[in-house]
There are 2 protein chains.
Amino acid sequence: MPLNLILNNLEKHIHLTREEQDIFTAYLQPKKLKRKQFLLTYGEVCKYSAFVTSGCLRGYTVDKSGIEHVLSFAPSDWWIADMYSLISQKPGIQNIEALEDTEVLLLSKSNQEKLYQEIPKFEHFFRILTENSLVASQQRLIDSLSLTAEERYNNFCKRYPTLIDHLPQKQIASYIGVTPEFFSRMRGGMVRKR
Amino acid sequence: MPLNLILNNLEKHIHLTREEQDIFTAYLQPKKLKRKQFLLTYGEVCKYSAFVTSGCLRGYTVDKSGIEHVLSFAPSDWWIADMYSLISQKPGIQNIEALEDTEVLLLSKSNQEKLYQEIPKFEHFFRILTENSLVASQQRLIDSLSLTAEERYNNFCKRYPTLIDHLPQKQIASYIGVTPEFFSRMRGGMVRKR
DNA sequence: ACCATTTCTTAATCTACATCAAGTGCCCCG
DNA sequence: CGGGGCACTTGATGTAGATTAAGAAATGGT
């Protein structure tokens with residue numbers, strides 16, 4: 001049951017009373033997405049944080065030559081949003097799309113702010129969530145600056161073993177920052193070793 | 001006077017009473033660093049968030065072939081820490097070094113946590129600070145995936161005009177992710193245009 | 001003021017990865 | 001159950017930026 005999943009997710013960092021759980025869940029809005037349907041598109045203002053209860057989303061940008069760059073995957077039990085747009089309430093730069101039929105729970109920015117007021121534990125929770133995202137983002141930047149494509153691929157396999165055999169290769173290629181062609185070669189071990 | 005600088009910095013997001021200011025400043029620990037002195041080195045556990053009141057620091061990692069990658073510059077009025085290590089309290093991956101004689105105010109992790117308890121506004125402040133870092137880090141990742149070195153250089157010039165003519169070129173080269181040699185060419189406009 | 005070190009420039013060559021092109025297999029939808 | 005697109009592979013060629021090497025200029029410590 002989806003509400004259990006999100007309550008357990010919160011429980012990783014904060015403990016809520018029964019009443020607090022009820023306040024929280026009343027702020028949530030469930031939504032179903034079909035494969036290839038968008039939760040958010042480029043230029044839209046991001047108004048929600050989304051928590052995935054089943055399926056999988058991807059967040060990506062499109063550069064000026066039309067190439068897509070996957071910024072994040074969100075399988076179930078993950079949060080996703082275009083943080084830039086959510087914070088600034090300016091038109092965003094991400095598309096968030098369902099890679100398969102997916103169910104999410106939406107928490108609007110205004111409800112999120114109400115939670116901060118009403119139950120300060122939520123400010124604590126989202127601070128920690130954001131800190132962890134920051135560390136992950138910085139690590140990915142370090143990897144992109146200092147590792148080869150193959151090393152990044154190996155890291156990805158170690159870190160996201162579940163995603164690997166469940167996602168189209170081109171999505172993973174885009175995430176680690178190579179073309180599908182080069183990715184295919186790497187997997188086949190056809191990149192020359194030294 | 002350094003305390004004013006940090007209090008104004010807080011004031012960007014939260015308002016403190018006089019007493020709260022006093023509690024806060026009592027938790028701070030001033031420290032002076034000489035040029036080339038380290039605030040933190042690889043393998044050390046990061047115990048402090050540092051706020052720069054004068055001078056400039058840089059945070060960088062060294063990859064396995066010995067190449068340095070600058071992750072952040074911290075001129076005065078900026079916060080810096082090895083977030084990975086600060087959060088996990090595991091040995092860190094960053095070196096934080098003074099690029100010139102620098103003064104910082106240190107806030108220990110334990111004092112920071114005390115502030116969260118005693119004055120919840122601080123949790124709010126650091127949540128926002130972390131959110132902004134996250135957005136900046138994500139943007140930098142997007143840039144590194146989708147822009148050429150020259151475009152990243154132009155962005156850097158626009159975003160940090162003050163730093164540009166005040167930092168050694170090789171530091172900027174490292175930040176945008178190119179060799180000093182290539183950086184020099186770019187600046188000279190010697191990279192062939194099309 | 002001076003020397004040593006570091007920083008910056010310029011040039012020749014090299015390489016990881018991209019691009020372009022073609023072909024194969026497969027999966028989804030009508 | 002058939003076919004049209006999409007995902008993947010493989011090969012030939014192109015290129016942004018790295019590496020190596022060397023000299024010139026700037027800088028800072030004594």
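This is a predicted model: local features need pLDDT of at least 70, side-chain atom pairs count only at pLDDT 80 or more; totals for chains, interfaces and linings use all residues.
Me: Which element gives the most to the side of chain A that touches chain B?

Reply: Start with the head count: 27 residues of chain A are in contact with 27 residues of chain B. On the chain A side, strand E5 (68–75), helix H3 (83–88) and helix H5 (121–146) each supply at least two residues. With 17 residues, the one that gives the most is H5(A).

Me: How do the residues on that side of chain A divide into nonpolar, polar and charged?

Reply: Let's sort the residues of chain A that touch chain B. Five are charged and ten are polar. The nonpolar ones number twelve.

Me: Which element gives the most to the surface near DNA strand D?

Reply: 17 residues surround DNA strand D, and Gln169(A) and Phe182(B) are among the closest. Helix H8 (169–176) and helix H9 (180–187) of chain A give two or more residues each, and so do helix H6 (149–159) and helix H9 (180–187) of chain B. With five residues, the one that gives the most is H9(A).

Me: How many residues of the surface near DNA strand D are charged?

Reply: Take the other groups of that surface: five residues are nonpolar and five are polar. The charged ones number seven.

Me: Which are the edge strands of the open sheet in chain B?

Reply: That open sheet has four strands in the order E1-E8-E3-E6, with antiparallel pairing. An edge strand here pairs on one side only. That picks out strand E1 (28–33) and strand E6 (79–80) of chain B.

Me: In E8(B), what is the bridge partner of Gln29(B)?

Reply: E1(B) pairs with strand E8 (residues 102–108) of chain B in the antiparallel sense, over six bridges. For Gln29(B), the bridge partner in E8(B) is Leu106(B).

Me: At about what angle does helix H1 of chain B run to E3(B)?

Reply: Helix H1 (residues 2–11) of chain B lies across E1, strand E3 (48–54) and E8 of chain B. Relative to E3(B), helix H1 of chain B runs at about 120°.

Note on methods. Residues are numbered from 1 along each chain as its sequence is written. Chains are lettered from A and ligands numbered from 1 in the order in which they are written. A residue is near a molecule or strand if its C-beta atom, placed from the backbone, lies within 6 Å of it. Ala, Val, Leu, Ile, Met, Phe, Trp, Tyr, Cys and Pro count as nonpolar, Asp, Glu, Lys and Arg as charged, and the others, Gly among them, as polar. Two residues are in contact if their C-beta atoms, placed from the backbone, lie within 7 Å. Two strands pair if DSSP finds at least two bridges between them. Axes are lines fitted to C-alpha atoms, for helices over the stretch in contact, and angles run from 0 to 180 degrees between N-to-C directions.
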